[in-house]
Amino acid sequence: MALLSAKQINFHAVWPSVLGTIRSVMNRSQYGLTDIPTWQSRFFDIYDLCSARPDSHAETLYNETKTFLEEHCKFINQEIIESEQNLLSIYFKYWTEYNTGATYLDTLYLHLNNLLVKKRPMIDRENYMLTAHFLELDEHIFIEIGELALESWIKVIIEPLKDRLVRLLLEQIHLDRIGECVNQTTVKGVIMSFVDVCQHRKNNPLEIYEISFEVPFLQETGEYYQKEADRLLLNYDCIQYMRKILCLIDDEEFRSRKYLNSTSYPKTNHECLQRLVCDHLNVIIKECDDFILKENLDALRNMYKLLKPTHTGVDHMVKRLEANISELGHERIQDLSEDNLSTLFVQVLLEIHTKYTNIIHEIFANDPDFISALDKACASIVNMKGGNRSSIKAPELLAHYCDSLLRKSSKTSSDSELEEKLLNAITIFNYLDDKDYFQRFYQKMLARRLISQQSSSMDGEEFMVTKLKEMCGYEFTAKLARMFQDIKVSEDLYTKFLDYLKSESCSTTLSPTMTNLLGFDCSIYILQANSWPITQPPNNTFAIPQLLERPIHLFESFYNKQYNGRKLFWLHNLSNVDVRLSYLDRPYIVTMGTYQLALLLLFNDHQELMLDDIKEATKLNRKELEKQILILVENKLLLCDSKDLKSQSIISINMEFKSKRTKFKISTATQKEMTQEIEIAEKAVDEDRRFYLQAIIVRIMKARQMMNHNHLIQEVCVQAKQHFTPSIPLIKKSIEILIDKQYIERSSSDEYSYIA
C-alpha cells in the first residue's frame, strides 16, 4: 500500500467541502446520509489538511470545527426554545441526531484526534479536567472532536435549558405516578442525555445528571410520598396501610428502572422507605405484638418486608417474637401431666420449634436475627429459666425420651423413623445448658441397654453417639463410645504379650519385667479404627529408630499369632515416650513424641546435622520434619543457625540447656487436638466438671500466657457455658489444682502465668 505524501494545501479551498460534509453529518434529518465516496474524500481532505507542508492546518481545522459546533448548537437551542409546547420531544429529537452525528464526526476526524490529542504528553491529558466551561480555557488544550461536540452541547444547550428541562421531566414523572399516559421514550431519553453527554469525562461523569436532575427528583419524590403517607394513614388501618405502601414502593422501583440511571435505584428506594416507613415507624411496630399473638402471617410478612431494608424496627420484631415464643413454651410445659412426661416434654418442644422454624422460613426468609431469637426462646423453655417446675429435670427427661426410643419396647417401626426421632432429640439437646447432666443420665441408660441386651438397634445407638460427638466433640462422647472396651482389650493384651516375651526369652530372672526383657518399659494400645476418631496420617513415612525396632517386631509377631488376618497401623504421631537426658549438668526426664525421640537420638553420634541429613535419616516428609524440629527448637533442646528452616540449615544439640523442672513434657501438634484421657469407671458429674474446667483454664492460659484472676474467671464461665454453668468456688478449686500440677503459677496475688 502506498504511503500518503505531504503536500501544500490551501485551507480555504478545502474547508467549504469539509464543512458541507460535517454539516450533513450533524444534521442528517435535513441533508440526508452522506454517501461513501464523499465520506472517503472528506477523510482524505482532513488528512491532507493535517499533513500539509510546510505548515499543518490541524489547529485551524480544529478551531473552525469548534466554531461550527458552537453555531450549530446555538441554532438547535433556538429551535428548542421556540417549541415551548413540545420542548422535551424536540430536545430529545435533536439530541438523538446530534449525539449520533458526534460519533460519526469523531471517526471522520480520526487523524486530527491522533495528531493533536493523543500525541500530546500523557500528563497533560490526565491532569486536564473537563468542565462545562472548557471553551474558556487555554486555547492550546485540545480534546477529541467527539468530546468537543458533547462539551459544546453542554455549554450551549444544557446549561441554559436544564432548569426548564428538569421541571418538565418532574411534571411528566408526576403524571406517570398518578396514572396518566406519558411519552416514556422521550422522558427516558432526555434523562439519559444528562448521563450520556458526560460519559467521556474521567472525573465526575455523572455530575450534570446528579446535580441538575437527581437532587431535585429525589426531593420531589420525598415530598410526594410524604403526602401520600399522610393521606393513607387517614383512610386505612395498619394492615391496609402496609399493603398500600408496598405497592407504592414496588411501583416506584419499576418507575426508577424505566426512567433513571442505575445509580439512582437505591437512592430512590431509600427516599420512599424514609417517607413511607421510617417517618411512621411507631404506627407500624405498635401492632407487632397483636400480629404475633393472632398469628397474622401476611401482616408479619409485610411488616418484615418494610422494616428490613430500613435497618430500623426489625430489632423490635425480633424481641417480641422471642418473648412470645418463650411465654408460650413455658405455659405449655407447665400444663404437662406427670404421665409419660418425657415424651410429652419433647413433643411440646418439637412442636413449638417446628412451627416457628417454618414461620421464620416462610415469613422472615430465614433471617439470622429471627433464627437467633428462636434459639434463645427455645433455650429459655428447655432450661426452664422462667421458673418452670422442671428446671432440674430437663436433661433427665430428654435422656429418658432417648431411652424409650432405643429400647426394644419402643414402638418405632423402622430405622429411618428412629433416626428422624433421634435427630429431633438432638435438636432439643442443642438447647440444654447442663449437657453434662444429660451425658450422665444417658450413659447410665445406655449401660443398662447394652448389659441387658435391650437395644432395639445398634445402628441407632451408634447414630446417636455420632450426632452427640458432632455437636460436643470427642471429649463429650468418650464415655459413651467403645473406647473403654478397647482399653480393656489392650490391658489384657499387655499381660499376654509379657507372657509371650517370657516364653521367647532365655532370661534366668525369676520374674522378669518388661524392662528386663526389652530394655525399657512400654505400653501398647490396640485401637479399632471404627471406634476412634483418628486416622493414619496420609503420605507420611517414618524410619523407626533402631531402639524401637525390636519391640515393634516382637509385638507384631505376637499379635499376628493372636489375631490372624488383622493389620496393624502404627500411629507414631500419637505415641509418647519418657526420655532421660543425661548429657547436661543434671539429668532431665522429658515426655515427648516418637518423632521427637527419633530426632534427638540422631545426636547421640553427632554434634550437629544438616536438615537434609536429618530428613534422610528419619524419612519424615519435609512438613512434618520442620514442625517437629521447630517444637524442639522452641523448647531449646535443639539450636538452629537460621530462623527459617532450609535444606542446608544446621541443627545442633543444645549442650547449655537448663530448666527449673527436672521433669517436663514437650507437646506435639497432634496432642493439641487430642482430648484428655478419661477414666474408665463412672464418675460423678462434679468430678467431670473439675476436669473440664481444668482443660479450659489451661487452654485459656496457654493462649494468653498471663491473666488477671477476675478476667480468667469470666473467660472460664463463657467457655464452660457450652456444657454447664460453673460455680465460682469450683473454678477456684480447679485453678489451685493446676498450680499444684505446675501448669500455671501465681505471678502476683491477683495474676496467673502459664508455665507448662
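Met707 stands opposite Tyr752 in strand E9, within a predicted model whose secondary structure comes to 32 helices and 9 strands. The protein has 756 residues, of which 45% count as buried, and it exposes about 40,400 Å², with carbon and sulfur atoms supplying 50% of that area. Among contacts with a separation of 6 or more, 69% are made by residues 24 or more positions apart.

**Strand pairing**

- The facing residues Met707 and Tyr752 belong to a pairing in which strand E7 (residues 706-708) and strand E9 (residues 751-754) run in the antiparallel sense over 3 bridges.
- Strand E9 is also joined to strand E8 (residues 744-748), again in an antiparallel arrangement, by 4 bridges, and here Ser748 stands opposite Glu751 in E9.
- Between E8 and E9 there are 2 residues, and the two strands form a hairpin.

**A loop serine**

- Ser83 is found in the loop between helix H4 (58-82) and helix H5 (87-108), where a polar atom of its side chain lies 3.3 Å from the backbone oxygen of Glu79.
- With a relative accessible area of 18%, Ser83 counts as buried, because the cut-off for that class is under 20%.

**Salt bridges**

- A search of the whole structure finds 30 salt bridges, one of which pairs Glu210 with Lys267, their closest N and O atoms being 3.9 Å apart.
- Because Glu210 lies in helix H10 (residues 207-235) and Lys267 in helix H12 (residues 265-276), this pair ties together parts that are 57 residues apart in sequence.
- Glu210 is partly exposed, with a relative accessible area of 29%, and Lys267 is likewise partly exposed, at 33% relative accessibility.
- Within helix H20 (residues 415-429), Lys421 and Glu417 lie 4 residues apart, about one turn of the helix, and they form a salt bridge whose closest N and O atoms are 3.4 Å apart.
- Lys421 has a relative accessible area of 27% and is partly exposed, as is Glu417, for which the value is 26%.

**A salt-bridge network**

- Salt bridges that share partners join Asp176, Arg177, Glu220, Glu252, Arg255 and Lys258 into one network.
- Inside this network, the side chains of Glu252 and Arg255 meet in a salt bridge with an N to O distance of 2.5 Å.
- Glu252 and Arg255 are separated by about one helical turn, because they are 3 residues apart in helix H11 (residues 238-259), and both residues are buried.

Key:
Residues numbered from 1 in each chain as written. Predicted model: local features only at pLDDT ≥ 70, side-chain atom pairs only at ≥ 80, totals over all residues. Heavy atoms only, no water. Buried < 20%, exposed > 50% of the residue type's maximum accessible area, 1.4 Å probe, protein only. Contact = heavy atoms within 4.5 Å. Areas by Shrake-Rupley, 256 points an atom, 1.4 Å probe, with all protein chains shown as cover. Pairing = 2+ DSSP bridges. Polar contact = N/O pair within 3.5 Å; in protein donor to acceptor, adjacent residues only side chain to side chain. Salt bridge = Lys/Arg side-chain N within 4 Å of Asp/Glu carboxyl O.
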